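Please read the following report alongside the sequence and the coordinates.

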Amino acid sequence: MASIVIAETIAAVGINALESAGHTVHDLSGEPRDALVAALKEADALIVRSQVQVDAALMAAGPKLRLIGRAGVGIDNIDAPAAARAGILVVNAPDGNTIAAAEHTFALLLALARHIPAGDRSVREGTWPRATLKGFELRGRRLGIVGLGRIGRAVAVRAAAFGMQLLGSDPLVSPQDAARIGVRLVSLDELLGASDVVTLHAPAVGAQPLIGAAELAKMQSSAVLINVARGSLVDEAALAAALASGGIAGAAVDVYATEPPVGSPLLTAPRTVLSPHLGAQTSDAQVAVAREVAERICEFFRTA
Ligand code: MLT
């Protein structure tokens, strides 16, 4: 039976599943890296979410490690080539967060479109600035979905219910496949130029941000950008500059280049709604991903 170290909080249902299968679980969530390093010495498997950086040094602290489980979709906080070199398998939980992330996209979009944070502040402060808080409707607006994987598709289905027109860009998806969910597939450039709302649902790949100054310059000055995917997809300084100059009309951001985003120019940028990486943070999603990652780990040690 395996010794499994948990580095970030996962739902109890996942821990129970691992223990019921006979594995020993060491819950180090919230502990400093030193404690994690010490616990890894005897560990066969490690479970993380998105905040712990699993680099080659951390893996080296676990000479018996055979598996890293990611309780979530992206594995960009895990050095996958280093894991492969060390013979460690990386598994994730790709399904459980889909609806939570799609719904959070709309939570942020509607909060931005209807000035909810500013409205909330004004009521508490005893002001009533209805005239300056005029928003826009989603109906009839063009939504450009960058990345048509599970989350992008779930966003498309919900956006259609709001009466939005859908554009999408994804190098791995055919126009016919996109059309099946009501999305017209276009190039990223066309999407940026034509969309009223651009929403990112692509994985973090490559060293360069997908959305930098040049891409922001292609967006309409009335358009807004939503990022519930990964912080590294967007050049935060360029986004803050585009917001300050009126190059785009607003942004809602859940994920940052560094988390928490201490000193990020987005903290002081105008017309922004910010949330602290809440995309997957629902009780439903956390139960689902904990269950999913525990199943994959149990399966690995059953058959290994
Ligand atoms: C994910 O990639 O699934 C999420 O970002 C995980 C998280 O919330 O930590």
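The sections below take up these topics in turn.

## Basis of the description

The model is predicted, and for that reason local features are described where pLDDT is at least 70 and side-chain atom pairs where pLDDT is 80 or more, while totals for chains, interfaces and linings use all residues. Residues are numbered from 1 along each chain as its sequence is written, and side-chain values use heavy atoms, with hydrogens and water left out.

Nine residues from domain 1 and seven residues from domain 2 take part in the contact, where contact means heavy atoms within 4.5 Å.

Between them, domain 1 and domain 2 bury about 600 Å², of which 36% is on carbon and sulfur atoms; buried area is the accessible area (1.4 Å probe) that two parts lose on being put together, summed over both. On the side of domain 1, the residues that lose the most area to domain 2 are Gln51, Asp76 and Asp95, which together account for 54% of what that side buries.

## Salt bridges

Two salt bridges are counted between domain 1 and domain 2, a salt bridge being a side-chain nitrogen of Lys or Arg within 4 Å of a carboxyl oxygen of Asp or Glu. The side chains of Asp95 and Arg150 meet in a salt bridge, with an N to O distance of 2.7 Å.

Over the whole structure, the search finds 11 salt bridges. The side chains of Glu42 and Lys64 form a salt bridge at 2.6 Å, N to O. Because Glu42 lies in the loop between helix H2 (33–40) and strand E3 (45–48), and Lys64 in the loop between helix H3 (56–60) and E4, the pair ties together parts that are 22 residues apart in sequence.

## Strand pairing

Helices (H or I, at least four residues) and strands (E, at least two) are DSSP runs, numbered from the N terminus, and two strands pair if DSSP finds at least two bridges between them. Strand E4 (residues 67–70) pairs with strand E5 (residues 89–92) in the parallel sense over four bridges, and Ile68 stands opposite Val90 in E5. From E4 the chain crosses through helix H4 (residues 80–85) to E5 in a right-handed β-α-β crossover; right-handed here describes a path from the first strand over the helix to the second that runs clockwise when the strands point away from the viewer.

An open sheet of seven strands, with parallel pairing, has the order E8-E7-E6-E9-E10-E11-E12. Its edge strands are strand E8 (184–185) and strand E12 (272–274), each of which pairs on one side only. Within this order, strand E10 (residues 224–227) and strand E11 (residues 250–253) run parallel and are joined by four bridges, with Gly250 in E11 as the bridge partner of Val224.

## Backbone geometry in loops

Glu259 and Pro260 are joined by a cis peptide bond with omega of about -5°, and Pro260 is found in the loop between E11 and E12. His115 has a positive phi of about 55° although it is not a glycine, and this residue lies in the loop between helix H5 (98–113) and helix H6 (116–124).
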